[in-house]
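Have a look at the picture first, then work through the points below.

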Amino acid sequence: MTCISLCIGATTALKFVSNCQNHSAKLFSANQQRFFNLSSASWNCSNFSVRHTSCRGFNTHKSFSTVFNSLSVDNGNPQERVVVLVIGGGGREHALCHALRRSPSCDAIFCAPGNAGISSSGDATCIADLDVLDSSAVIVFCRKWGVGLVVVGPEAPLVAGLANDLVKEGIPTFGPSSEAAALEGSKNFMKSLCDKYGIPTAKYQAFTDPSAANEYIKQEGAPIVVKADGLAAGKGVIVAMTLEQAYEAVDSMLVENAFGSAGSRVIVEEYLEGEEASFFALVDGEHAIPLESAQDHKRVGDGDTGPNTGGMGAYSPAPVLTKELQSVVMESIIFPTVKGMAEEGCKFVGVLYAGLMIEKKTGFPKLIEYNVRFGDPECQVLMVRLESDLAAVLLAACRGKLRGVSLDWSHGSAMVVVMASKGYPGSYQKGTVIHKLEEAEQVAPSVKVFHAGTAFDADGNFIATGGRVLGVTAKGEDLEEARDRAYQAVEQISWPGGFYRRDIGWRALPQKQYS
C-alpha cells in the first residue's frame, strides 16, 4: 500500500491510498475532474479511498466531491481557506510545512521540490520535478492547482525574482522582490542602507582591489571580519583572528575567485565582541511585527570553535534578547529598515531575519547581517512554538494588513540539534544510511525530526544527501527540558556517518555534554 497525504486544515489529512504495482501516484484535483501525475512514471491505480485521520466534520470514505466541497466551511461558518505552495526542500521548509499543516485556514500544502522526510511525514505533498527557478513553470502549477499562497523558503529564488513574477500574475507570495532581496544578496547594499538610515552596524569598508583591502586590514588590525558581498551558501564569512588569516580570506575571494561573482567585492568590517542572537520580523511593506527570539550556533565545534556553518543548532526564546532589547531592535533596526526600503522604492514583504550582536561593551544590539527568509535552523524552533494560524498571518502580510496582528506562542522553550554529515562544512560523503528516526520521535510527544538533506535508497532507507541533514527538535517547559529531550532523541538515531554538537544552548544553560 502506498499513500500520499494532502493536509487539510489544522488536523485533517486526506490519504489517497492505492493498490498499485508501478512507481507513481495520481492526485485527484480538488475542483476539477483531472489527475496530476506526481512522477515521470505512471501507476495503474484501481481503488482510491479517503481515509479519516482525526478529521473534524468528515466521515471516512466520503466521495471526493463531498470532501472537497466542504473545505470552505469550518463548523458551519464560512472561512477563507487556501492551497499553499512552499518553495524549497530543506529543514526550514519542512518546519514551515509542519506549521502550515496545523493552520485552520490551510486546505492543502505542496512543497517543491521537498525532500524524503517531508513527503514521508505527511506534512506536505512534494513536487520533486517542479523547477522552482522557472517562474513560468511555477505559475502554471499555481494556476492548475488553485494555489492561493506561495511561501518562498530559500534565498536563491527570491534573488532570481520569483516573487516579482508571481505577484505580477496576482498570486499572493510571501517573500520579497528581487530588488528588496538585495538586503541579503548584497552585503554592500545592506551596509549602505544602514549608513543612510542610521541603523547601528559594525564599522566597515567595501573593496574590489585586494591591495587596498589588505592595507585597510593592516591599518585596523586583527581580529577582523572578511565577507563576500554576494550569496555564498553561508560560507562567505571569515572571522580572521590574525592578519594572515584576513589576508588569505581576501586573496581567496578577490584573487582566487573562490566564491565566483559573489566574492568579486568584499566587505571588511570590525570584529564585534558579544553574544549573537537572531531576530525575526514579519513585514507587509509598511508594518512589521516581531516573532519570538531565537539564538543559533554557527561554529561547527563545541564551545563555538571551528569554521562557520549554516547553523548547528538553535533555541527559543533566547534569554539574551530581553523584552527591552527586543523593543530596541524593533525601534532602531527593523522599523528604520522597513521605512528605508519603502523610501528607496522597493517595499519589503516577507520575513526580515536580523543577525545581531549584543555588544559586550555596550549591551546594545548591532546589525551583523540581514537574511530575507526564515533562518535555518531557527525556523524549526519558532514553528514548533507558534500557535497562531500561520497561513492566515502570511496572507495578511502579502495583503499589507499586518497592522494590529499579534501572534500566539506556546509556553516554555524549544531546541533543535542539527545532525550533519561527517566532514561538513568541508567535503563529506553522500549516501550514508540513517536508521531509527521513528524511535527518536517516540522519546516524547513534543519531539519532531525535521529533514534537511535526505532521500530514499533502493531499499527504502533514509540516506544523507547534504551537509546538514536532520534537525532534531523538541519542546519543554523550560530550556533545560527541551535540551534533554532533543539530545535523548538524537541519541536514538543510528547514523555512523553523522555528527552533532553536544553543547547546544551552552550560553543559556549550565554545561552538559552529550555523548
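**Inside the fold**

V150 touches L85, I87, C142, L166, I171, P172, T173 and F174, leaving aside residues up to four places away in sequence; touching, or contact, means heavy atoms within 4.5 Å. This is a predicted model, where local features need pLDDT of at least 70 and side-chain atom pairs count only at pLDDT 80 or more, while totals for chains, interfaces and linings use all residues. Residues are numbered from 1 along each chain as its sequence is written, and side-chain values use heavy atoms, with hydrogens and water left out.

**The cores**

- V150 is also among the residues with the most contacts inside the largest nonpolar core, which has 53 residues.
- A nonpolar core is a set of buried Ala, Val, Leu, Ile, Met, Phe, Trp, Tyr and Cys residues joined through side-chain atoms within 4.5 Å, and buried means under 20% relative accessible area (1.4 Å probe, protein chains only).
- There's a second, separate core of 45 residues, including F374 and W409.

- Strands here are DSSP E runs of at least two residues, and helices are H or I runs of at least four, numbered from the N terminus.
- β8 runs parallel to β7 (residues 82-88), joined by seven bridges; strands pair if DSSP finds at least two bridges between them.
- V86 has C111 in β8 as its bridge partner.
- C111, in turn, has C126 in β9 as its bridge partner.

Definitions and conventions
Buried < 20%, exposed > 50% of the residue type's maximum accessible area, 1.4 Å probe, protein only.
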